[in-house]
Amino acid sequence: MIEIYHLYKQYAQNEFYALKDINLIIDRGEFIFVVGPSGSGKSTLLKLLLRETLPTKGNIKIFGRDITRLKNREIPFLRRNIGMVFQDFRLLSDRNVFENVAFSLRVIGTSPREIRKRVPLTLELVGLKDKAFKNPNELSGGEQQRVCVARAIVNRPAVLLADEPTGNLDPATSMEIMTLIQDINIRGTTVIVATHAKDIVDHFQKRVVVLENNQLVSDQERGVYFNAH
Amino acid sequence: MHIRSLLYFLGEALKSIVRNGWMSIASVGVVAITLLILGSFMVLSFNVALFTQDIKEQVQIVLYIDETSDEETKLELQRLLAAHRQLEEVRYVSKEEAMERLKQQLGDRAYLLDGYNAEENPLRDSYQLRTKIPEDIPIVANEIADYPGVGYLDYGKGVVEPLFQFTGLVRWIGLMFMTGLAVTAIFLIAHTIRLTVYIRRREIMIMKYVGATDWFIRWPFIFEGLILGLIGAVIPVIVIYYGYQAAVLWMQSNIYFIPLIPPEKIMEEIIKVIIPLGVVLGVLGSSISVRRFLKV
């Protein structure tokens, strides 16, 4: 589903490589942790997958299509198939939970009828059925992250990317969020989580890809964070 | 564009106008003032045009034929005048006709001409010439002066030129003034939209992440500019309508001899110019901001 070949990324000429010679193949329905210290290139990798930035060298194929060759006007349609969860939630505080989730459907032209059907279903899935009409500011960190997850999956994307989704959460809440993301994966969504939370990686026993010094140094099925070093 | 998207864009634009409060009011204000000046200027110039049209049409060249020239020269002159492209009307006035006219003009005092008759006529044969464009009179007069058989020309030299110069000057000053105001209006709208883009940067970022197309992101801003421009155009139209009605009423009861264009008729012309111009100013202003500050 996602194929990465000899991927290099330099943000400016003559600068250091944020990513060096990355090769990675991710199958449909996989759950994969991308781990490594800050600055190891995790976020850059996610940015490349979302076509926020272009690689210096190499190819990225998603759904069999080389996304480095997409025209600008084709990018939105790639992103409609990829949900994104952020460390800082990025919710809109001028509207309620329902509208935050509905937002990602509205801006791609989904009909109001469809929105009224899908948003409650998604909120139920993330466990926020009762908080639909609350403002994000009235919610706890964990609940806000659930809204963010709901917004990312309401469009039923094939891939879910999460950049440090538990970075702002306490350990117990982190586990809950990761369990939610795992549930989404079980329902068929391919999940890529960039993190440096050791206990989470160790607990879930999924495929672990380790980035270090901007290179891919380890790729293990059912890996743990400890093994990476 | 889907009707649902259209409503969404309009809704977003209106929300943003309300949210930007003072900036929106300032933008609308400048557009309104610009167009109010333009509109008033139009009202004034239409009426002045109506008023001066008569005067202008009366401005003509009177060419007195040199009596000493022979028939051939006179025919040559007639041919040359008929062939002149800037002339609208060439009318021959014989001295007998001129005498008749003079008698009529003198009315009660026509007896002054009693001593004259067909044999004893001090007047001369002449041509009355009208140009297609009144402003061309001085130039045309200069050309014709060199024609054969011309005695002398009379076209109100020294009176006609300053009159035309003055109306030309007024037009230029007005045009420059309005251009300046239009640029200010565009600038202010661009600034308002830039503010909107800034306030909504978070929303725009999320829109990009969830796969909104670039145009979907841009349209609300374009609509915002359009609405600001439109409101800015409607205000002066209303002001001019009521203002002009009042002015017409006042004029009719005070300076009744000046002809005025009826309000309904003049508003047609005003609306045709002001409303599209407001929309253009608004869209232009927002386009500048959307292009420069909305990197989508």
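In the predicted model, helix 8 (residues 214-254) of chain B packs with helix 9 (residues 263-293) of chain B; their axes come within 7 Å and cross at roughly 155 degrees. Because an angle over 145 degrees counts as roughly antiparallel, helix 8 of chain B is described as roughly antiparallel to helix 9 of chain B. The crossing of helix 8 of chain B and helix 9 of chain B is right-handed. By class, 22 nonpolar, seven polar and two charged residues make up the contact of helix 8 of chain B with helix 9 of chain B.

In chain A, strand 8 (residues 190-195) is largely enclosed by the rest of the structure, because six of its six residues are buried. Burial applies to both faces of strand 8 of chain A: one side carries A:T190, A:I192 and A:A194, and the other carries A:V191, A:V193 and A:T195.

Strand 8 of chain A pairs with strand 3 (residues 31-35) of chain A in the parallel sense, over five bridges. Within strand 8 of chain A, A:T195 is the residue that stands opposite A:V35. Strand 7 (residues 159-163) of chain A also pairs with strand 8 of chain A in the parallel sense, over five bridges. Here A:I192 in strand 8 of chain A is the bridge partner of A:L161.

A:Q220 in strand 10 of chain A is the bridge partner of A:V208. Strand 9 of chain A and strand 10 of chain A form a hairpin with two residues between them. In the turn, A:N213 has a positive phi of about 50 degrees.

Helix 1 (residues 42-49) of chain A is likewise largely enclosed by the rest of the structure, since six of its eight residues are buried. The buried residues of helix 1 of chain A are A:K42, A:T44, A:L45, A:L46, A:L48 and A:L49. A:R51, which follows helix 1 of chain A, has a positive phi near 60 degrees.

Methods: Residues are numbered from 1 along each chain as its sequence is written. Chains are lettered from A and ligands numbered from 1 in the order in which they are written. This is a predicted model: local features need pLDDT of at least 70, side-chain atom pairs count only at pLDDT 80 or more; totals for chains, interfaces and linings use all residues. Side-chain values use heavy atoms; hydrogens and water are left out. Axes are lines fitted to C-alpha atoms, for helices over the stretch in contact, and angles run from 0 to 180 degrees between N-to-C directions. Helices (H or I, at least four residues) and strands (E, at least two) are DSSP runs, numbered from the N terminus. Angles under 35 degrees count as roughly parallel, over 145 as roughly antiparallel, 65 to 115 as roughly perpendicular and the rest as oblique. A crossing is left-handed if the near helix is turned anticlockwise from the far one by less than a right angle, and right-handed if clockwise. Ala, Val, Leu, Ile, Met, Phe, Trp, Tyr, Cys and Pro count as nonpolar, Asp, Glu, Lys and Arg as charged, and the others, Gly among them, as polar. Buried means under 20% relative accessible area, exposed over 50%, partly exposed in between (1.4 Å probe, protein chains only). Two strands pair if DSSP finds at least two bridges between them.
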